[in-house]
Amino acid sequence: MLHVKVSDREQISALGSFLTLVLALAAGMVAIGLLFIISGVNPFFAFKKIFSGSFGSLYGFKETITKAIPLILIGGGLAVVFKAKFWNIGAESQLLMGAIFGTWVGLNWGPSLPSPVIVPLMFLAGFLGGALWGLIPAILKLRFSINEVISTLMLNYICAEFLTMLIVGPWKSPKKFGFPYTDDLPDSAILSLLPGSRIHTATLIVAVVAVVVLTIVIYKTRFGYEVRVIGENPDAAKYAGIDFSRTTMLIMVISGGMAGLAGVGEVAGIHHYLSYPDSISSGYGFTAIIVAWLAKLNPIYVIFSGIFFAGILVGGDAIQISLGLPAATVAVFNGTLLIFLIMGDFFTKNKVRILAGERG
Amino acid sequence: MPKPGPLLFFWMCVTMKTIESLEMINISKSFHCVRANDNINVKVSSGEILGLLGENGAGKTTLMNILYGIYQPDAGEIRINGHRISIDSPKASIDHGIGMVHQHFMLVQNHTVIENIALGYAHAPWLFPQKKIRQRVISFSEKFKFDIDPEKKIWQLSAGEQQRVEIIKALINGAGLLILDEPTSVLTPQETRDFFQVLEKMRKDGQMIILISHKLDEIKRLCDRVTVLRKGQVVGHADAGHLDKRTLARMMIGRDVIFSFSREKMPRKEKVLEVADVRVDGDKGYPVVNGISFEVYRNEIFGIAGVSGNGQRELVEAITGLRTVTHGQIRINDIDITNQSARKIHNTGVSHVPEERIRFGIAPNLFIYENAILKQHHQKKFSRRAFLAYGRIKAHTRQLIKDFQVATPSINVQTKNLSGGNIQKLILGREIADKPDLLVASHPTYGLDVGATEYLRNQLLRRRTEGGAVLLVSEDLEEIFELCDRIAVIFQGHFMGILESDDPRIADIGMMMAGTRDLKAGEGADASR
Amino acid sequence: MEEIIISVVQRTLVAGTPLLLGTVGEIISERSGILNLGVEGVMAVGAVTAFIVTHHTGNPWLGLCAAIVAGMLISIVHAFASVSLQSNQVVSGLALTMLGLGLAGLLGKPYVGKPLSIKINAMPIPFLSDIPIVGPVLFNQSPFFYLAILLAIGVWFMLEHTLLGIRIRSAGENPKATETQGVNVSLIRYLSVLTAGGFSAMAGAHLSISYSKSWIEGMTAGRGWIVIALTIFALWNPLRAVFGAFLFGGIFVLQYMLQPLGISPNFLAMLPYLATLLVLLVGGLRDSRRLNAPAMLAEPYRRGER
């Protein structure tokens with residue numbers, strides 16, 4: 001009689017880890033290919049389109065980078081908090097808060113200030129907005145023992161409604177034909193783009209620099225060490241005299257702030273005005289969770305997983321247009337891929353053997 | 001009090017699944033590279049109490065967990081009444097008539113006694129189980145003179161009471177074989193005596209019992225036969241008539257245990273720790289340390305003896321900054337450190353070897369060199385402003401593992417892969433290397449093999465000789481007597497007495513631990529509570 | 001005025017019905033220890049399956065059954081990832097949401113704009129529905145409503161007063177202890193997640209074959225996420241969930257009605273989530289033990305091996 005025996009895998013080399021990832025992706029692609037066949041689409045054609053739409057063409061690649069910017073920013077921040085096992089599901093709203101704060105600064109101070117002044121101010125305001133909003137679940141957990149998964153989820157909704165309140169009410173622009181949009185940001189506040197693309201370079205640079213800095217912080221500083229100990233064993237952290245409260249609040253400031261920066265990037269770089277929550281955040285806050293997880297919570301790897309996932313998003317858009325597949329396809333795509341990645345992750349941590357014979 | 005004997009017998013006949021003989025043949029089991037059980041052969045017969053003797057890490061619990069279906073052996077077989085059987089889960093084990101009371105209780109804290117018993121009771125009814133088995137539980141409880149309120153939540157019960165729930169759980173399924181894993185580790189001496197009586201009666205009534213213990217006295221008192229395990233292998237069997245402590249001890253560790261350390265009397269130096277009328281609240285919100293005062297000086301080891309759960313853990317946490325003091329003062333080298341942060345207290349020269357070492361002492365997935373600096377990472381010698389100085393940290397670690405004989409292939413290994421004893425050595429080394437003024441050690445040798453135990457105890461003595469002060473909290477009386485210059489006995493948050501180690505009243509230590517002898521109330525006083 | 005109140009109450013009960021169904025299922029899952037964030041996706045799958053089957057067979061009850069089966073099947077993904085693979089439950093829950101919403105959108109595309117000719121209408125209960133005021137409100141509702149109430153009571157009873165309930169709750173509080181008592185924790189968790197899937201699918205089916213009779217992508221409109229909030233608001237108690245579901249439902253009904261009074265509908269929409277936080281806040285100030293959150297919620301459990 002056959003049975004499955006699962007046991008802990010003690011160590012895995014970086015190469016092994018990477019190979020498993022690639023294998024999981026490949027398996028996922030096979031499954032998606034089958035889905036394509038069922039839908040009556042030639043899978044090879046579809047994959048070719050996805051690839052050329054995301055990485056294979058210059059235009060596609062530029063779009064991929066554009067989408068990767070917020071993912072890298074948010075993913076980097078999430079990698080830090082997740083390392084401390086603080087499950088921040090609220091990056092969506094932290095992004096929005098950043099967008100709100102940044103827009104306020106841009107609309108009110110922008111007209112009278114030159115670009116080199118207003119742009120950093122907007123980013124600062126965005127960081128502040130996201131950080132403050134991110135601090136709330138930290139305080140709720142520290143002071144009231146409220147599980148952060150719940151509080152961040154709730155805050156997502158609260159913030160979305162708040163933003164909607166703003167854009168249909170006090171912030172509604174008279175010049176937008178009755179649509180609930182704010183005024184456009186003044187020219188000085190709009191981020192310059194890489195010519196021929198939608199890449200807002202300022203944010204891209206901020207993203208990469210931030211992520212590199214975070215990596216150094218996590219692995220080389222005392223603070224980063226404390227974050228890792230808290231994630232590994234909160235009891236040992238307490239015993240070691242690590243200030244749980246201070247560290248938790250700081251990491252949420254970082255994560256919220258990073259998401260806030262992404263929010264400013266989206267408004268000042270892409271949209272130029274605030275509108276409905278969904279169009280501003282586009283689910284980046286949730287997608288970034290997967291990006292961080294894929295990067296094994298190492299901020300520097302987030303650059304790669306962010307670009308990869310952005311490629312999936314852009315490729316998904318591409319086949320939507322060229323093959324006429326509904327938008328929902330992309331969601332199926334992502335969901336399936338994620339499942340195979342979860343399985344792959346399992347294999348990096350466990351050895352599975354199929355044995356013959358009696359059990360026990 | 002009605003005699004439980006005849007009624008017990010009746011219950012046993014009616015509900016017990018009698019097992020005539022049980023054999024474990026050539027059982028082997030490995031975890032990663034550690035061979036926990038190596039070709040073990042064990043046989044028990046009906047109406048017999050078999051002792052399974054061995055140090056921690058010898059493989060006793062692993063073997064019993066195989067019998068109970070929690071682990072599956074890599075090789076070997078189990079036979080009941082001569083028939084080969086397969087146990088692939090606890091359920092199968094229970095079906096075969098095997099019950100186990102684990103050392104660490106398997107209870108759902110938030111549920112009531114009844115709900116916990118219903119969970120594992122094979123014949124629990126599907127509808128309204130709490131109401132329907134209530135009477136049965138009360139009967140069992142009365143039979144053994146247990147005094148359990150079935151509606152109480154588990155977290156409201158004492159350790160001894162929780163153990164009784166565990167016993168009822170095991171027996172209510174009609175276990176023909178009862179496995180007890182270190183059962184007296186949480187009992188007071190009086191509770192232990194009651195417990196022994198219960199076992200005697202069970203044996204008389206045909207129950208088969210396997211008793212896991214490392215306490216020679218217990219084994220000698222209760223068991224018919226003993227099987228001795230050492231490092232995963234059977235090193236011998238012995239019969240009741242031929243049980244001799246010295247021989248057993250030798251089998252257990254492979255050589256004669258030196259039951260006494262050389263400890264010269266040292267003159268007491270300056271006061272290091274002063275605890276003045278300290279009160280501390282426990283996890284449940286009410287006081288568990290009720291006004292304790294004492295001092296510890298250099299060149300001495302001060303021991304706190306007592307059964308777990310009498311406030312010693314909370315007292316240690318208060319001293320090391322992990323718990324709030326609600327009243328009183330704590331001073332180190334005459335500096336008031338009451339309710340200071342753990343880090344500040346550590347900086348004044350207090351080191352702490354924690355009670356549950358894996359739980360509190362290390363971050364298991366981090367590397368050894370990362371754990372070697374766990375409490376000292378903020379110190380100048382390991383960091384350059386905000387950054388960690390890995391070069392210095394790694395050098396320090398290499399020295400540490402050499403000095404404290406921590407067996408590991410390299411310092412780049414995840415700490416969780418070390419054995420319990422080596423983890424403890426690492427922690428001790430980390431705490432001692434700083435040469436702290438006050439070293440607080442909580443149950444430092446609990447669960448360690450004899451080699452590691454001896455080593456650690458010597459290190460504590462060495463600290464004392466070098467001029468440090470040591471506060472030792474331990475349940476192991478042997479350890480307390482060997483190492484301590486002065487001994488305090490804690491019971492329900494009070495010190496029953498503080499004695500020099502050569503004070504003849506030490507003989508009453510058992511009674512002090514059980515709360516029936518309070519030296520502070522006057523000579524020869526017997527506290528009536 | 002009276003008619004307005006009756007109408008509001010009636011609509012509240014209708015709005016709360018899918019919320020209650022989803023919440024009762026999620027309570028089972030979370031009490032067994034598994035956090036299931038995939039409710040939104042499973043609801044969508046339930047809605048689309050019920051619609052499609054009803055469309056082709058003309059029998060909405062068959063549609064309902066098919067929806068339940070579909071919900072359970074797709075939940076296997078999350079159950080497998082959470083229980084067997086012990087993966088991060090947040091990530092696998094999100095995967096399920098993506099997959100569910102995507103599949104629903106994909107499969108439902110051909111059916112957009114083609115309303116059903118038959119749906120499950122309100123079923124008045126004889127005699128009781130004739131009671132003035134209370135009658136039409138409580139006893140002239142869709143069968144889904146009655147089902148939701150009955151299931152809520154039934155699941156409460158199951159959790160508190162049956163052996164199965166003790167086992168489920170123990171699996172969520174202390175899986176190790178539960179396993180050593182001979183209970184198969186993995187099986188319990190699998191079944192709990194699948195059951196939750198069935199309930200969520202039922203909630204979705206209500207939307208497409210009772211509440212309305214059409215399908216459009218995104219018709220779940222975030223209700224799945226509200227269910228997750230509700231589960232906590234109800235403190236994992238199905239009876240409190242009844243109260244909570246209709247409270248939340250009421251807010252959504254009143255949302256736009258109160259606008260002329262100067263109350264922002266967005267502010268009202270925030271209220272359920274603020275309320276959930278408040279409930280937890282108050283509970284956290286007192287003994288958090290009384291909060292009844294299953295102790296090992298979202299913690300993966302591995303049987304046996306050291």
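This report covers the chain contacts, helices and sheets of a predicted model.

## Basis

Residues are numbered from 1 along each chain as its sequence is written, and chains are lettered from A and ligands numbered from 1 in the order in which they are written. Because the model is predicted, local features need pLDDT of at least 70 and side-chain atom pairs count only at pLDDT 80 or more, while totals for chains, interfaces and linings use all residues.

## Chain C against chain A

The contact between these chains takes 38 residues from chain C and 36 residues from chain A; two residues are in contact if their C-beta atoms, placed from the backbone, lie within 7 Å. On the side of chain C that touches chain A, helix 3 (60-84), helix 4 (89-108), helix 10 (223-233) and helix 12 (265-285) of chain C each supply at least two residues. Helices (H or I, at least four residues) and strands (E, at least two) are DSSP runs, numbered from the N terminus.

By class, this side of chain C has 25 nonpolar, ten polar and three charged residues. Ala, Val, Leu, Ile, Met, Phe, Trp, Tyr, Cys and Pro count as nonpolar, Asp, Glu, Lys and Arg as charged, and the others, Gly among them, as polar.

## Chain C against chain B

Here the contact takes 20 residues from chain C and 22 residues from chain B. Helix 7 (163-173) and helix 8 (175-180) of chain C are the elements that give two or more residues to the side of chain C that touches chain B. Helix 7 of chain C gives the most, with six residues. The class counts for this side of chain C are six nonpolar, nine polar and five charged residues.

## Helices of chain A

Helix 4 (residues 91-109) and helix 5 (residues 115-144) of chain A pack at an angle of about 145°, with their axes 7 Å apart. Axes are lines fitted to C-alpha atoms, for helices over the stretch in contact, and angles run from 0 to 180 degrees between N-to-C directions. The crossing of helix 4 of chain A with helix 5 of chain A is right-handed, the near helix being turned clockwise from the far one by less than a right angle. Their contact has 15 nonpolar, nine polar and no charged residues.

In helix 12 (residues 284-294) of chain A, eleven of the eleven residues are buried, each with 20 or more other C-beta atoms within 10 Å of its own, the C-beta atoms being placed from the backbone. Among them are A:Y284, A:F286 and A:W293. Just after this helix, A:K296 takes a positive phi of about 50°.

## Chain B and its strands

Chain B has 18 helices and 22 strands, and buried residues make up 48% of its 529 residues. Of its contacts between residues at least 6 apart in sequence, 66% join residues at least 24 apart.

Strand 6 (residues 98-101) of chain B is covered on both faces: B:I98 and B:M100 on one side and B:G99 and B:V101 on the other are all buried. Four bridges join strand 6 to strand 7 (residues 177-181) of chain B, and the two run parallel. B:M100 stands opposite B:I179 in strand 7 of chain B.

## An antiparallel sheet in chain B

An open sheet of four strands has the order 12-11-14-15 in chain B, with antiparallel pairing; two strands pair if DSSP finds at least two bridges between them. Strand 12 (287-297) and strand 15 (335-336) of chain B are the edge strands, each pairing on one side only. Eight bridges join strand 11 (residues 271-281) of chain B to strand 12 of chain B, and B:V280 has B:V289 in strand 12 as its bridge partner.

Helix 10 (residues 312-320) of chain B packs on the sheet, touching strand 11, strand 12 and strand 14 (325-332) of chain B. The direction of helix 10 makes about 60° with that of strand 12 of chain B.

Conventions
Buried ≥ 20, exposed ≤ 12 C-beta atoms within 10 Å, placed from the backbone.
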